Amino acid sequence: MFQPIGTASNLRFVLLRQTKLGSRFVYCRNTSTIPRSRASPNLSAGHRKTVTTTLGLLGGLAIYQWAYGIEVHAEAPPASSTEDLKRKLSIQHIQVGNSLQNPGVYAWGNNIGRVVAPDSDENLIKSPRRLPFFDNMLLRDLKLDRNIGVAVTEKGDLLQWGTAYADGIKTPEVTLKGKNIVKAQLSQDRIFALSKDGTVYSLPMAKKYQLAGAKPSESSWIPGLSSESNIHYRTLKPELGYLESVTDIASGSDHILLLTSKGRVFSAVASSSFPVRGQTGVRGLTYAARPKDKPYDTCHEITSLNGQTITKIAAGDYHSLVCDNKGQVYSFGDNTNGQLGFDYNPESNVVPTPTPLSLKAQYPGRNLATTVKTLAAGGANSYFVVDVEDTQKGGVTSDLLSCGTGIFGNLGNGRWTHVQGSPIKVKSLSGLSEYDEKANKIIPIRPKYLSVGATHTSAIMDNLTKVDASTSSSSPVHDVNYGADVLWWGNNEHYQLGTGKRTNSCVPVYIPPLDPVPEDMVVDKASVMTGPSTQGDLTRKSGIIGGKGDDVGGGMSTGKDQVHRFQITPKKKVNVAGRTVEFEQKICCGRGNTAVYSAV
């Protein structure tokens, strides 16, 4: 006689223990556009076994229900224990709850400039540490450098701290107030702030220069009256058309790009050092040839882009990237490390004007059409999220490409390369897909955005998330929240990757949860990630399956526990200090340091 295998809630527990994947299944490489015979090698034996076992358990439950005519339903736990059971089944559920109930900022890495931990004398912060000043604060933006930290508050005020601002500052101070700032950028000695109305403010980093410089006159809230600003600042004034405004800014060490609502791009000098490597995109613009009757930071339109509608901009230390509305990238500036996407030319490593970047080397097939969806730059590296469409067979996959220096592992392709000109795939983050239950189809997984520091990078994946799990005592125990995957790679000299160790990583890796996981909330304590193992092993544990021959070391390991990793919380409306507000977690990679913050 058959014996029942349990209720649906017990079955869920069995499945979780069988797969050891927490509260959701892993995603894998997209196989929708290739023959099944070619797709199957990408699945490890352990993965096929998991799928087979899962189907077998589900089938057994269905047969038992059909044979005996018994209705199988979820067994509701006692009201007091429902949430505890959810937390025990899913570390991700704990993380989402903590991030929504306790918004704030976590930072780690280089603290020589008192940026990561302003109140600490430690020069290295080896693991994520919460900054008490930002507890229960929501930010519009956050930027870190070695010696300066800049944040934009929920109200649009600018905060500064770090030794480049002033010595002995233990807590951030408001500098630019009442300007409704939405975004901040840093050059080597100035801060740029974009307001909601499109005004671009430029102010020195150092407090002493802010107080000593000429303070502009500002309009008062009383009509007809004006007053003097508290600090010195300038405004950048590109020649805009009717109803045209600045919508985005991106800065390098000594240059800044401005994108307008009509798809035009302007550039300007962004520091006391005049750009000399073509990063402004204006041919012939030098210190000697600058307009003598205008300010040194006069905005110049990049006229060689006329006729193109630019929608995205990015800037590294000494190079620039722009992308038009058709997904075509143009790059210009320094190409010493191949960061423009062109092969290194020893006779000329500078490209002074925007030049189209072709991706045909990666996609030689006649039926493959590529569109750049996202671009990012920092230091001497560039990254491109590319949609690849098979125009003959149909179907779209998404790849992440990188170029520039890879000596610290910055390329993320599993190799240590000094110079990489032609963009190369980050294989472990390319060709990924997952099944969307609501849409009833397989969808590609792309990096939603990348945060690029001077020598390290973070990719925030746009995989399926859940933040609306029921808190009712009658809700199924498997109704849990989970966030988006986040991976880091590159230089780890100052512990900026967050792994807790100092080893550089040439492949994307996960890090542990930001807050310690309570031991009584873990079903399988052996699977809690307390620190990384070898780079290849950690990548295999990540749930990203690589085909044979991948530089990352092959497919997912079998017979090993799945690590509990940090997942970032997507947008969710919650109650904060008695008011309802929507916010999410975001990543900021700086110059040897990293932060996670709660962003509106």
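Figure 1. At 49% relative accessibility, aspartate 468 counts as partly exposed, the label for anything between buried (under 20% relative accessible area) and exposed (over 50%), with a 1.4 Å probe and protein chains only. Lysine 466 gets that label too, at 23%. The two form a salt bridge, with the closest N and O atoms 3.0 Å apart; the term covers a side-chain nitrogen of Lys or Arg within 4 Å of a carboxyl oxygen of Asp or Glu. Elsewhere, salt bridges that share partners link Asp145, Asp317 and Arg591 into one network.

This is a predicted model, so bear in mind that local features need pLDDT of at least 70, side-chain atom pairs count only at pLDDT 80 or more, and totals for chains, interfaces and linings use all residues. Residues are numbered from 1 along each chain as its sequence is written, and side-chain values use heavy atoms, leaving out hydrogens and water.

**Figure 2. The whole chain, for orientation.** The secondary structure comes to 7 helices and 35 strands; helices (H or I, at least four residues) and strands (E, at least two) are DSSP runs, numbered from the N terminus. Of the 600 residues, 54% count as buried. Take contacts (heavy atoms within 4.5 Å) between residues at least 6 apart in sequence: 57% of them join residues at least 24 apart. The average pLDDT, the predictor's confidence in each residue on a scale from 0 to 100, is 83, and 79% of the residues score at least 70. Over residues 1-74 the pLDDT is below 50, and this stretch has 113 contacts beyond near neighbours in sequence. Residues 525-562 also stay under 50, with 92 contacts beyond four places in sequence.

Figure 3. Glutamate 218 and lysine 179 form a salt bridge, with their closest N and O atoms 2.5 Å apart. Glutamate 218 sits in strand S11 (residues 217-219) and lysine 179 in the loop between strand S7 (173-174) and S8, so this pair ties together parts 39 residues apart in sequence. Both glutamate 218 and lysine 179 are buried. In the second pair, the side chains of lysine 183 and aspartate 248 meet at 2.6 Å, N to O. Lysine 183 belongs to S8 and aspartate 248 to strand S14 (residues 246-251), so here the parts tied together are 65 residues apart in sequence. Aspartate 248 is buried at 19% relative accessible area, while lysine 183 is partly exposed at 22%. The salt bridge count comes to 19.

**Figure 4. A four-stranded open sheet.** The 4 strands run in the order S8-S9-S10-S13, with antiparallel pairing; strands pair if DSSP finds at least two bridges between them. S8 (181-186) and S13 (234-236) are the edge strands, each pairing on one side only. Inside the sheet, S9 (residues 190-195) and S10 (residues 200-204) pair over 5 bridges. One spot to look for is alanine 193, whose bridge partner in S10 is tyrosine 201.

**Figure 5. Strand S6 and the strands on either side.** S6 (residues 158-161) is covered on both faces: Leu158 and Gln160 on one side, Leu159 and Trp161 on the other, all buried. Strand S5 (residues 149-153) pairs with S6 in the antiparallel sense over 4 bridges, and alanine 151 stands opposite leucine 159. The two strands form a hairpin with 4 residues between them, and glycine 156 in the turn has a positive phi of about 95°. S6 also runs antiparallel to S7, joined by 2 bridges; there, the bridge partner of leucine 159 is valine 174.

**Figure 6. Helix H5 under cover.** In H5 (residues 91-101), 9 of the 11 residues are buried, so the helix is largely enclosed by the rest of the structure. Among them are Ile91, His93, Val96 and Leu100. The cover includes helix H4 (82-89) and strands S32 (567-568), S33 (572-576) and S34 (579-589).

**Figure 7. Threonine 280 in its loop.** Threonine 280 is found in the loop between strand S16 (265-269) and strand S17 (300-301). Its relative accessible area is 5%, so it is buried. Leaving aside neighbours within four places in sequence, threonine 280 contacts His255, Ser267, Pro275, Leu285, Ile302 and Phe332.
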